Amino acid sequence: MKKQFSLNDNFIVPVTLIVLTLLIGFNSFVILNPGQAGVMSILGKARDGVLLEGIHFKPPLVSVVDIYDLTVQKFEVPAQSSTKDLQDLSARFAINFRLDPIQVVEIRRKQGTLANIVSNIIAPQTQESFKIAAARRTVEEAITKRNELKQDFDDALSQRLEKYGIIILDTSVVDLDFSPEFARAVEEKQIAEQRSKRAVYVAQEAEQTAQADINRATGKAEAQRLLAETLKAEGGQLVLQKEAIQAWREGGSQMPKVLVMGGKEQTGVPFLFNLGDVQK
């Protein structure tokens, strides 16, 4: 019985040594993938120098490596503000950013995790940057000049986050809302503009109709003047005779055998005499 205990004791010792060796060995290095950066802390104190992709050795059991993602991150952040004309304006921004690898150690010391960075830095700075951009214009300008509003917001946010080691790559205005009172005012303004445009159209149409009537009256007067001049000129009687014959035909009657009475100096309408009636 005593001999069996001795054998077990001799077996446990080497196994324990092997386990400790493996534990210390695996805890002596860390592997970082592309797009990652690490900050090594020994006994709770962050060391200077960023660990980039690859394998890195570290003191076993007493050190910890915090890994940060350096790839592009995207978060949606809400913001509210008042415009220059004291109208309420709310927006929602999609912010694409990444961490500056050179400042990862300072980020670890001052901000901690990525979640802390978003909630404690990016969200409040987004709010302040939106207030700066919105206060420069009225609510109507914020809608009609949306690109300028976004540009002012981008500039303000980039300047504010740069000192925290956060690089802004792009922002997008996901949503832009204004107060219900302003919405009603916009709707009433659009209705008034449509009515005004309709009134202008009706006035222009009436003016064009009147001008057409004037043109027709002018043309008719000019035709009558030319006809009068034609009648005064030599051959005017022939014109009257032609018109009389044309009127007779358009009336649907048969052309009678006629005798035109009058001389060269006749100025009135030619006299048409029906020879058929004389024969009877």
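This is a predicted model: local features need pLDDT of at least 70, side-chain atom pairs count only at pLDDT 80 or more; totals for chains, interfaces and linings use all residues.
**Exercise 1. Describe how helices α3 and α5 pack, and name the residues that make the contact.**

Solution. 
Step 1. Helix α3 covers residues 114–134, and helix α5 covers residues 146–162.
Step 2. The two helices pack at an angle of about 140 degrees, and 8 Å separates their axes. Angles over 145 degrees would count as roughly antiparallel, and 65 to 115 as roughly perpendicular; α3 is therefore oblique to α5.
Step 3. The crossing of α3 and α5 is right-handed.
Step 4. On the α3 side, the contact is made by Ile121, Ile122, Gln125, Thr126, Glu128, Ser129, Phe130, Ile132, Ala133 and Ala134. On the α5 side, the residues are Leu149, Asp152, Phe153, Ala156, Leu157, Arg160 and Leu161.
Step 5. Sorted by class, the contact of α3 with α5 holds 11 nonpolar, three polar and three charged residues.

**Exercise 2. Which side chain does the side chain of aspartate 154 contact, and is aspartate 154 buried or exposed?**

Solution. 
Step 1. Aspartate 154 sits in helix α5.
Step 2. Its relative accessibility is 13%. The limit for a buried residue is under 20%, so aspartate 154 counts as buried.
Step 3. A polar contact of 2.2 Å links the side chain of aspartate 154 to the side chain of threonine 171.

**Exercise 3. Find the class of exposure of asparagine 96 and list the residues it touches.**

Solution. 
Step 1. Asparagine 96 is in strand β7, which runs over residues 88–99.
Step 2. Asparagine 96 has a relative accessible area of 21%. Buried requires under 20% and exposed requires over 50%, so asparagine 96 is partly exposed.
Step 3. Not counting residues up to four places away in sequence, asparagine 96 touches Val72, Gln73, Lys74, Ile167, Ile168, Leu169 and Asp170.
Step 4. Lysine 74 is 22 residues from asparagine 96 along the chain, with 4.5 Å between the two C-alpha atoms.

**Exercise 4. Where do leucine 43 and leucine 61 lie, and what are their phi values?**

Solution. 
Step 1. Leucine 43 is in the loop between β2 (36–42) and β3 (45–46). Leucine 61 is in the loop between β4 (54–57) and β5 (63–69).
Step 2. Phi is about 55 degrees at leucine 43, positive although the residue is not a glycine. At leucine 61, phi is near 70 degrees, again a positive value in a residue other than glycine.
Step 3. Exposed means over 50% relative accessible area. Leucine 43 has 71%, so it is exposed. Leucine 61 has 59% relative accessibility and therefore counts as exposed.

**Exercise 5. How many helices and strands does the protein have, and what percentage of its residues is buried?**

Solution. 
Step 1. The secondary structure consists of eight helices and 10 strands.
Step 2. Of the 280 residues in the protein, 24% are buried.
Step 3. Take the contacts between residues at least 6 apart in sequence: 64% of these join residues at least 24 apart.

Terms used: Residues are numbered from 1 along each chain as its sequence is written. Side-chain values use heavy atoms; hydrogens and water are left out. Helices (H or I, at least four residues) and strands (E, at least two) are DSSP runs, numbered from the N terminus. Buried means under 20% relative accessible area, exposed over 50%, partly exposed in between (1.4 Å probe, protein chains only). A polar contact is a pair of N or O atoms within 3.5 Å; within protein, one must be able to donate a hydrogen and the other to accept it, and residues adjacent in sequence count only if both atoms are side-chain atoms. Axes are lines fitted to C-alpha atoms, for helices over the stretch in contact, and angles run from 0 to 180 degrees between N-to-C directions. Angles under 35 degrees count as roughly parallel, over 145 as roughly antiparallel, 65 to 115 as roughly perpendicular and the rest as oblique. A crossing is left-handed if the near helix is turned anticlockwise from the far one by less than a right angle, and right-handed if clockwise. Contact means heavy atoms within 4.5 Å. Ala, Val, Leu, Ile, Met, Phe, Trp, Tyr, Cys and Pro count as nonpolar, Asp, Glu, Lys and Arg as charged, and the others, Gly among them, as polar.
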